[in-house]
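Here are my notes on the charged pairs, as numbered points. Have the coordinates open while you read.

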Amino acid sequence: MLDIFVCEDHTEQRRTIVQILQNTVLIEELDMQLVLDAGDPYVLLEKVKTNQNTGIYFLDIDLNSDMNGMKLAQQIRLYDPRGFIIFITAHSELSYMTFQYRVEAMDFVLKDNPAEAKVKIRECLLNAMERYTLQTNKTHKVYTTQVGGRKISIDYEDIFFFETSSNIHKVILHAKDRQIEFSSSIKELTSTLGDNFVRCHRSFLVNRNNIKEVDAKNRIIYFTNGETCLMSTRMMKGF
């Protein structure tokens, strides 16, 4: 998942940007979430310091602060080197400054033409999602599924287990920061995923790398995030 951040000191312009972003994420069914929109660069930077996900940042350059958008981007790079930075500004002549500050901006969006800016913001979101997916697939083993037409990718290391849903022909994926229900079966997943995923029960497929403890007496598996699942007597020997 990509986390979206917006820093724009003009309140009305910030609201407009946020509205465009939220509408695009909803319409395009992107695996993104708006984490923070702020007018103060220091407020945004504090949030970035503690954020765990890769971010996509829409930054105004002139922020009415001793920290402009370029300096903010420099600081963001220290905490999120893989993040996507997009500058939104009325000053096209300032584009050359991205080379001076060495922030590797993904794009520039000009405020002068609202209709064009809307199209450009959408393009930035789609491009960022595509690049992020490619980056993730190269560096991590990733499980990808479709949920309501929305493609969602989750690192193997963030998956705890799958369980059969009460809804027919569906399973529930239990991950580090979410639960997702989608069409599949435990049998199908068992044949698709690697050796790290072990079937411990007819209704559960677990990631053994995220198991904290196995209680053989009570046939309960404990995961590192505090969740549990059942283990059948027949499949206990596999553990």
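Predicted model: local features only at pLDDT ≥ 70, side-chain atom pairs only at ≥ 80, totals over all residues.

1. Residues are numbered from 1 along each chain as its sequence is written, and side-chain values use heavy atoms, with hydrogens and water left out.

2. Searching the whole structure turns up 8 salt bridges, each being a side-chain nitrogen of Lys or Arg within 4 Å of a carboxyl oxygen of Asp or Glu.

3. One of them joins Asp37 and Arg14 at 3.2 Å, N to O. This pair links distant parts of the chain, with Asp37 in strand S2 (residues 32–38) and Arg14 in helix H1, 23 residues apart. Helices (H or I, at least four residues) and strands (E, at least two) are DSSP runs, numbered from the N terminus. Arg14 counts as buried, at 15% relative accessibility.

4. Arg15 and Glu12 also pair up, at 2.8 Å, N to O. Both sit in helix H1 (residues 11–28), 3 residues apart, about one turn of the helix. Arg15 is exposed at 54%, while Glu12 is partly exposed at 45%.

5. Then there is Asp107 with Lys120, whose closest N and O atoms are 3.5 Å apart. Asp107 is in strand S5 (residues 107–110) and Lys120 in helix H5 (residues 114–139).

Note on methods. Buried < 20%, exposed > 50% of the residue type's maximum accessible area, 1.4 Å probe, protein only.
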